Amino acid sequence: MLFDERPKVKREELFDREEELGELEKNIDRPLILLTGVRRIGKTSLLQVFLNESNIPFILTDCRKLKENYGWKDLYELLARGSNRVIEILKGIKGIRIMGNEIEISWKGKNFVSLSDLFDHLNKKRLIIAFDEAQRLRGPLSKEIKEAIAHAYDYDKNLTFILTGSEVGLLYDFMSIEDPSSPLYGRFYHEIRLERFNKDASFNFLRKGFEEYSLKVKDEVIEEIISFFDGIPGWLTFSGNLYVNFKDVERVKEIAVNVALNELKNLIENKRRISEIVGRRYLYTLKCIADGNSSWSRLERCLSDREGTTISSSVLSNILKQLESVSLIKDYDFLDPIYKEASRRLSL
């Protein structure tokens, strides 16, 4: 069903991504591929459909399950859970225990297997290693992970790494390919950026989804949904699913904005843990941008008026950089209109 909100796993469930699937297929022999795009654009669905249709064995790791200050135990447990399709490749490797479909990878002690050594062992067979939402790999082990990927890039010719990221700036920051001090410095990667559906594709997606429920929906209702959710497949799926249940466009919009609002509140709360002032400034910045302050001077003036004091250029620059790195804004505007509307509703 098109309106099933879980990631798609079969080609027939995936709508209008034949070009991107083809590009993945054409470039799968490269050592490093990035799948990027804004939240809810469909990266996980594209990745899973491709992996399930490929004849190449794969390990798929969902990095969203990693806590902020994760350790080797957390990473290896996650890798082990994603490795149940390649048990035959893992057999006989020192430091790896296999009990039926359960896999344990030693993360300390005399049987510890380093990540580079693990990749070398996996290189015995053609294999794809995929990290979904790979920006979550940033943290205390990021250098060691990049060193292992760089080693595999140079020596493990049977391995292809696919990394996805919706917080695109943070993914680039993790990779640090243009930083001379980074282990991945100078390595080429092929990037596939997923774009939102155009108006025709959005209309056809919603129309087909409603038909799967034998629901007749007026064209003007579908066009209103398209206008509000701006062709982002995840939001279209979300809205279609809710409309099937409630038959009320305004209620669908309200629920969507509240979902985004909760995410923004969590972001601001994380900043408040640094200091109350930092959290407040992020809130004001989001509200000022949502209100149309689309230049440095206008935004600076808006923030100063709200704060009642002058904010330094370096502070504002850092806030904008952080909001861009998590793919909320670009060029003084929101990448997703739902977060724009949610930002207008933020309050202290």
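User: Buried means under 20% relative accessible area, exposed over 50% and partly exposed in between (1.4 Å probe, protein chains only). Going by that, is aspartate 156 buried or exposed?

Analyst: Aspartate 156 is buried, yet has no salt bridge, meaning a side-chain nitrogen of Lys or Arg within 4 Å of a carboxyl oxygen of Asp or Glu. This is a predicted model: local features need pLDDT of at least 70 and side-chain atom pairs count only at pLDDT 80 or more, while totals for chains, interfaces and linings use all residues. Residues are numbered from 1 along each chain as its sequence is written, and side-chain values use heavy atoms, leaving out hydrogens and water.

User: What's the nearest side chain of opposite charge to aspartate 156?

Analyst: Lysine 157, 8.6 Å away. For charge, Lys and Arg count as positive, Asp and Glu as negative, and His and the chain ends are not counted.

User: And what does aspartate 156 touch?

Analyst: Phe119, Asp120, Asn123 and His151, leaving aside residues up to four places away in sequence; contact is heavy atoms within 4.5 Å. Aspartate 156 sits in the loop between H6 and S6. Helices (H or I, at least four residues) and strands (E, at least two) are DSSP runs, numbered from the N terminus.

User: Why call S6 largely enclosed?

Analyst: Because seven of the seven residues of S6 (residues 159-165) are buried. That goes for both faces: Leu159, Phe161, Leu163 and Gly165 on one side, Thr160, Ile162 and Thr164 on the other.

User: Which strands pair with S6?

Analyst: S1 (residues 32-36) runs parallel to S6, joined by five bridges, and S5 (residues 127-132) also pairs with S6 in the parallel sense over five bridges. Pairing takes at least two DSSP bridges between the strands. Leucine 35 stands opposite threonine 164, and phenylalanine 131 is opposite leucine 163.

User: How does the chain get from S5 to S6?

Analyst: Through helix H6 (residues 142-155), in a right-handed β-α-β crossover. Right-handed means that, with the strands pointing away from the viewer, the path from the first strand over the helix to the second runs clockwise.

User: Switching topic: how many salt bridges are there in the whole structure?

Analyst: The search finds 28. One of them joins aspartate 29 and arginine 126 (3.4 Å, N to O). Aspartate 29 is in the loop between helix H1 (18-27) and S1 and arginine 126 in the loop between helix H5 (115-122) and S5, so the pair ties together parts 97 residues apart in sequence. Aspartate 29 is exposed at 66% relative accessible area, whereas arginine 126 is partly exposed at 23%.

User: Which residues form a salt-bridge network?

Analyst: Arg11, Glu18, Glu25 and Glu53 are linked that way.
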